[in-house]
Amino acid sequence: MILLLQENNNPDIQKSIDILENSGHRTYSMQTSNGNIRTVLDISEVDFKKYNIQSGYSFFKTDIPYVLTSKTIKDTGTVIHLSNDVSIGGDTINIIAGPCSIESEIQLTETARFVKKAGASVLRGGAFKPRTSPYAFQGMGIEGLKLLRKAGDQFNMPVITEVLDTDDLPVVSEYSDIVQIGARNCQNFSLLKKAGKIKRPVLLKRGMMVTIQEFLMSAEYILSEGNMNVILCERGIRTFETETRNTLDISAVPLLKQKTHLPVIVDPSHAAGNWKLIQPLSMAALAAGADGLMIECHHDPSAAMSDGGQSLRPDKFNQLMQRLAPMSLVIDKKIG
Ligand code: PEP
Ligand code: MN
C-alpha cells in the first residue's frame with residue numbers, strides 16, 4: 001500500500017512528513033504545475049495513531065504501483081538537462097546517433113563528425129556490448145569509454161553508452177553523460193536500484209518481453225532510489241513476425257506519454273534491424289509523440305563489428321534528418 005499526501009504546502013502537513021521521516025519512513029516530493037508539493041510516503045504500515053497524525057483529508061491511497069513515475073505525483077513533463085544547449089523532454093526533439101559499438105578512434109570520430117553535421121544532438125556508442133554470442137565482439141570496454149568522451153568533447157555533444165554490470169556503474173558514470181540500461185537488463189532489479197543512486201540521467205530501454213506496466217515498474221525502481229532523471233526508450237518487442245528483428249510497438253509511445261511524466265524516445269534501429277525501415281519508423285515515432293530518436297550510424301556499415309545491417313551511412317542519415325525537418329511544423333516541436 002502506498003499513501004499519497006494530498007497536494008499542499010500546509011506547514012501542518014510538512015510537520016507530519018517530518019515526523020514520519022524522523023521515524024525512518026522514506027518520503028519523495030515533487031512539484032506540480034501549480035507550485036504545490038505532492039509527497040509519496042514509502043510506507044506499508046504507517047500507524048497514524050501512533051504518530052498522532054490525522055489521516056483523514058491529508059492522506060489517501062493510490063492503487064498506482066509506479067506512483068513516482070506516474071503523472072499522479074508530477075503532472076508536468078520531466079526535462080533532463082544535459083548541457084547548456086541540450087535537454088531531453090520539453091519542446092525539443094533530440095536525435096541521439098552514433099555507432100552500435102565503438103570500434104576505433106577513427107570510426108568513432110568519422111561517425112561523430114557526420115551525425116553532428118546532420119543535426120544529431122547526442123552521441124551514442126557502445127563500449128560494453130550485450131552480445132548474444134560470447135564469441136562475438138564484446139566492445140572496447142574502458143578504452144572505448146575514453147574514446148567516446150573525447151569525441152563528445154571534440155564535437156560538443158553529450159554522450160551515452162550502455163552499462164552491463166553493476167560493477168561498471170562508477171566508470172560508465174564517470175565518462176558518460178547518460179547511462180544506458182539495455183533491453184536485456186530492463187528487469188535486472190539490482191542494476192536498476194544501483195542506477196537509482198548515481199548522479200547521471202539513465203536511459204532505460206524496454207525489454208523485448210516486457211509489458212508497458214512492467215516497463216514503468218522498472219523505471220520506478222530507479223526513481224524510488226532517488227534518481228528522477230530517467231528517459232524511457234521503446235526499441236521493439238518480440239512477436240511472431242520474422243521480417244523485422246523486433247516489432248516496434250508504436251502504441252507504447254502515446255500510452256507511455258499518457259501515463260508518465262518521463263521523456264519517451266524511440267530506437268527504430270534495434271526495432272527494425274534493417275536500415276531501410278529507419279526513415280518510416282522514425283517519422284511514425286515522432287508523429288506518435290516521441291521526444292527523440294536513437295539511431296545507429298556508421299561511416300562504413302559494411303565494415304561494422306556489430307549491427308551494420310541496421311546502421312545508416314552518412315548520406316542516408318542526412319536524408320533522414322531532411323525528411324524529419326518538416327515534421328517539426330506538424331508536431332510543434334523543434335528538431336535538434
Ligand atoms: C544498443 O542500444 O546498443 C542495444 C544493445 O540496444 P538494446 O538494448 O535495445 O538491444
Ligand atoms: Mn546495436
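1. The sulfur of C186 lies 10 Å from the closest cysteine sulfur, that of C233, which is too far for a bond. Seen from C233, the closest cysteine sulfur is in C186, again at 10 Å and too far for a bond. The structure accordingly holds zero disulfides, a disulfide being a pair of cysteine sulfur atoms within 2.5 Å.

2. C186 is buried, with a relative accessible area of 1%, and C233 is buried at 0%. Buried here means under 20% relative accessible area (1.4 Å probe, protein chains only).

3. This is a predicted model, in which local features need pLDDT of at least 70 and side-chain atom pairs count only at pLDDT 80 or more, while totals for chains, interfaces and linings use all residues. Residues are numbered from 1 along each chain as its sequence is written, and side-chain values use heavy atoms, with hydrogens and water left out.

4. A search of the whole structure finds one cavity of 30 Å³ or more. A cavity is a set of points, on a 1 Å grid over the protein atoms alone, where a 1.4 Å probe fits but cannot get out. The largest cavity holds about 50 Å³ of space, the volume being that filled by probe spheres set on the points.

5. The lining of the largest cavity consists of E105, L108, T109, L147, K150, A151 and Q154, where lining residues have an atom within 4 Å of a point. Helix 2 (105–118) and helix 3 (142–154) are the elements that give two or more residues to this lining; helices are DSSP runs (H or I, at least four residues), numbered from the N terminus. Helix 3 gives the most, with four residues.

6. By class, the lining of the largest cavity has three nonpolar, two polar and two charged residues.

Key:
Chains are lettered from A and ligands numbered from 1 in the order in which they are written. On a 1 Å grid over the protein atoms alone, a cavity is a set of points where a 1.4 Å probe fits but cannot get out, and a pocket is an open set with protein on both sides within 12 Å along at least five of seven lines; lining residues have an atom within 4 Å of a point. Ala, Val, Leu, Ile, Met, Phe, Trp, Tyr, Cys and Pro count as nonpolar, Asp, Glu, Lys and Arg as charged, and the others, Gly among them, as polar. Buried means under 20% relative accessible area, exposed over 50%, partly exposed in between (1.4 Å probe, protein chains only).
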